[in-house]
Amino acid sequence: MPELPDIAVYGEALTREIAGAVLQRVRILNPFLLRTAVPPIAAAEGRRVAGIERLGKRVVLALDAAAGGEPWFLVIHLMIAGRLRWLAAHAKPPGKIALEAMDPGGIDVLSCDLAAFTQRLASENHTLKRALTNPRLFSGIGNAYGDEILHRARLSPVTLTRALDAEATRRLFEAARAALVEWTERLRGEAAAHGGWPDKVTAFHPAMAVHGRYGQPCPVCGSPVQRIVHADNETNYCARCQTGGKLLADRALSRLLKASWPKHIDDID
Ligand SMILES: [Zn+2]
């Protein structure tokens, strides 16, 4: 699933490729892609692309106004599969394109202020990891950047949102913004090194601090990265940096190990 840095870099690549160009033709390969019947999509043809914007997880193509009319916007949601492909002119499009889900309405941490972030975070009492990655609360943060943000903020993934004090909330807000900005810059640099188009959108990246790095040393303190296994993914964290050394019970594993389950990072390093 694309997260905010991926979308930002797509927007920049699109700006380089098509800003100022005239949209010649729109072909809809999957009928579920098109959400608006009026005006007809073909009426967008012949308009100039004035600019590319990002709206949460959506890429927006702003089109010039036709004579006497209003500017138009083509809004592309990258959905679950999350890849935007760039093909040479007249290349055959890929056959299978997966689509899912409407925009769930989360706010964008790069454009909201601390007050809005705080209000959104406390709107439901969930663990920090669940709240950050809930697309109804926040836009563009998935499992990968959720782990990275919490590590940067030095906060436990299982702390409850309503238990967070003002100082920790500010730290989380600043960590979220810093992580997303830093990763956007990193992915931008990598796209530039690969001909300008971000072709490598992956859930794991070797430069991540904890996400996907179970058992490897935390880049801050050197302790092995820990994990909590969920049904369809896992949370990675550093016990020394984020939980005061406490190992969070992984339900399956702790049941298996019962009494021998280590409770503190010092018991295993
Ligand atoms: Zn650490």
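Colleague: Let me start with one residue. Is R240 buried, partly exposed or exposed?

Modeller: R240 is partly exposed, with a relative accessible area of 35%. Keep in mind that this is a predicted model.

Colleague: Which residue forms a salt bridge with R240?

Modeller: Start with the general idea. Side chains of opposite charge can pair when their charged atoms come close. Here the partner of R240 is D266, and the closest N and O atoms are 3.0 Å apart.

Colleague: How many salt bridges does a search of the whole structure find?

Modeller: The search finds 11. Two of them can be read within helix α5.

Colleague: How do I read a salt bridge within a helix?

Modeller: Think of the helical turn. An α-helix has 3.6 residues a turn, so residues three or four places apart point the same way. Now take E167 and R171, whose side chains meet in a salt bridge at 2.7 Å, N to O. These two are 4 residues apart in α5, which means about one helical turn separates them. R171 is partly exposed, with a relative accessible area of 29%.

Colleague: And which side chain meets that of R186 in a salt bridge?

Modeller: That of E182, at 3.1 Å, N to O. Again the two residues are 4 apart in α5, so about one helical turn lies between them. R186 counts as partly exposed at 29% relative accessibility. E182 does as well, at 30%. The pair also belongs to a network: salt bridges link R152, E182 and R186.

Colleague: What span does α5 have from its first C-alpha to its last?

Modeller: It reaches 41 Å with 28 residues, close to the 40 Å expected at 1.5 Å a residue. Its buried residues include A168, L172, F173, W183 and L187. The buried residues of α5 pack against α1, α2 (114-121), α3 and α4.

Colleague: Let us turn to α4. Why is helix α4 said to be largely enclosed by the rest of the structure?

Modeller: Count the buried residues. In α4 (residues 143-153), 9 of the 11 are buried, so the rest of the structure largely encloses the helix. Among them are Y145, D147, E148 and H151. Then ask what they touch. The buried residues of α4 pack against α1 (4-18), α3 (128-132), α5 (166-193), β5 (234-237) and α6 (239-242). Just after the helix, R154 takes a positive phi of about 55 degrees.

Colleague: How do I read a strand?

Modeller: Look at its two faces. In a regular strand the side chains alternate between the two faces of the sheet. Take β2, which covers residues 58-63. R58, V60 and A62 are buried on one side, while V59, L61 and L63 are buried on the other. That is 6 of 6 residues, so β2 is largely enclosed by the rest of the structure.

Colleague: Which strands pair with β2, and in what sense?

Modeller: Strand β1 (residues 49-55) pairs with β2 in the antiparallel sense over 6 bridges. Strand β3 (residues 72-77) pairs with β2 in the antiparallel sense, also over 6 bridges. Follow V60 to see both pairings. V60 is the bridge partner of E53, and V75 in β3 is the bridge partner of V60.

Colleague: What do β1 and β2 form together?

Modeller: A hairpin, with 2 residues between the strands. G56 in the turn has a positive phi of about 60 degrees.

Colleague: Last, the whole chain. How many helices and strands are there?

Modeller: There are 7 helices and 5 strands. From the N terminus, they run α-β-β-β-α-α-α-α-β-β-α-α. Of the 269 residues, 41% are buried. Among contacts with a separation of 6 or more, 55% join residues 24 or more positions apart.

Definitions and conventions: Residues numbered from 1 in each chain as written. Predicted model: local features only at pLDDT ≥ 70, side-chain atom pairs only at ≥ 80, totals over all residues. Heavy atoms only, no water. Buried < 20%, exposed > 50% of the residue type's maximum accessible area, 1.4 Å probe, protein only. Pairing = 2+ DSSP bridges. Contact = heavy atoms within 4.5 Å. Salt bridge = Lys/Arg side-chain N within 4 Å of Asp/Glu carboxyl O. Expected span 1.5 Å × (residues − 1).
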